[in-house]
Amino acid sequence: MATLHTLTRSFSVWVIFCCCCCLPLLLTSPLPPKGMGVVSNAHQACKLRKINFQLPYIRNRTYTLAEMARVSDQDTDNRFIGQQIYVNIRENNRCYMMKRITEIILKDVLLTEAKERYPYVEDVAQFLASLTSELSRCKSSGNREHIEKNLEEMKSKMKELGENGKNKAIGELDLLFDYIENACTDAPKKGGNKKKN
């Protein structure tokens, strides 16, 4: 009976201590700035695992497909994937930008008649679709005006070039691969944003 009385008294002392000391400390502690938790979640949503890009099979298929399409690309004046896509785009929005470009290339190029013209299109399209799916919660932070402007310029240039535009987009899949890797993983690949003709 004495131990029960001692346990009850100890428990009562702990309850009083927590209510009188700990609760006021918790209530008066500063909170993180508004939206801080959302930013870290959005930041995490815009990250891909590096392992996605270390699969030699898919890297080789992507680069081979791009090389095959580049052979018939006569337009050396235009480029869809390059530093110009990042004009006025903050660094923390680059992965979102690459996600959107990938979605456009999937919908308007790879999932069209391109799969009948080139080998490996279905494999590469499936890989890119898995990346955009993994980035489904990736959102832009701040004003999207510049992002939408840059995307619209790319889409209108691709439309203006017609079939040659689709061919050019396929010929730049290796650049797309590298740019997504650099923008959406923690450890950028060396030389990832190399220029190609």
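A crossing of two helices is called left-handed if the near helix is turned anticlockwise from the far one by less than a right angle, and right-handed if clockwise. In this predicted model, local features need pLDDT of at least 70 and side-chain atom pairs count only at pLDDT 80 or more, while totals for chains, interfaces and linings use all residues. Residues are numbered from 1 along each chain as its sequence is written, and side-chain values use heavy atoms, with hydrogens and water left out.

Helix 4 (residues 94-110) and helix 6 (residues 121-134) make a left-handed crossing. Helices here are DSSP runs (H or I, at least four residues), numbered from the N terminus. The two axes come within 10 Å and cross at roughly 145°; axes are lines fitted to C-alpha atoms over the stretch in contact, with angles from 0 to 180 degrees between N-to-C directions. Contact (heavy atoms within 4.5 Å) joins Lys99, Thr102, Glu103, Leu106 and Leu110 of helix 4 to Val121, Ala125, Leu128, Ala129 and Thr132 of helix 6.

Turning to aromatic rings, the structure holds five pairs, counted when ring centres of Phe, Tyr or Trp (its six-membered ring) lie within 6.5 Å; planes under 30 degrees apart are stacked, over 60 edge-to-face and the rest tilted. Phe53 and Phe177 have ring centres 5.3 Å apart and planes at 80°, so this pair is edge-to-face. Because Phe53 lies in the loop between helix 2 (36-45) and helix 3 (56-71) and Phe177 in helix 9 (residues 173-184), the pair ties together parts that are 124 residues apart in sequence.

How values were computed: Helix = DSSP H or I, 4+ residues; strand = E, 2+ residues; numbered from the N terminus.
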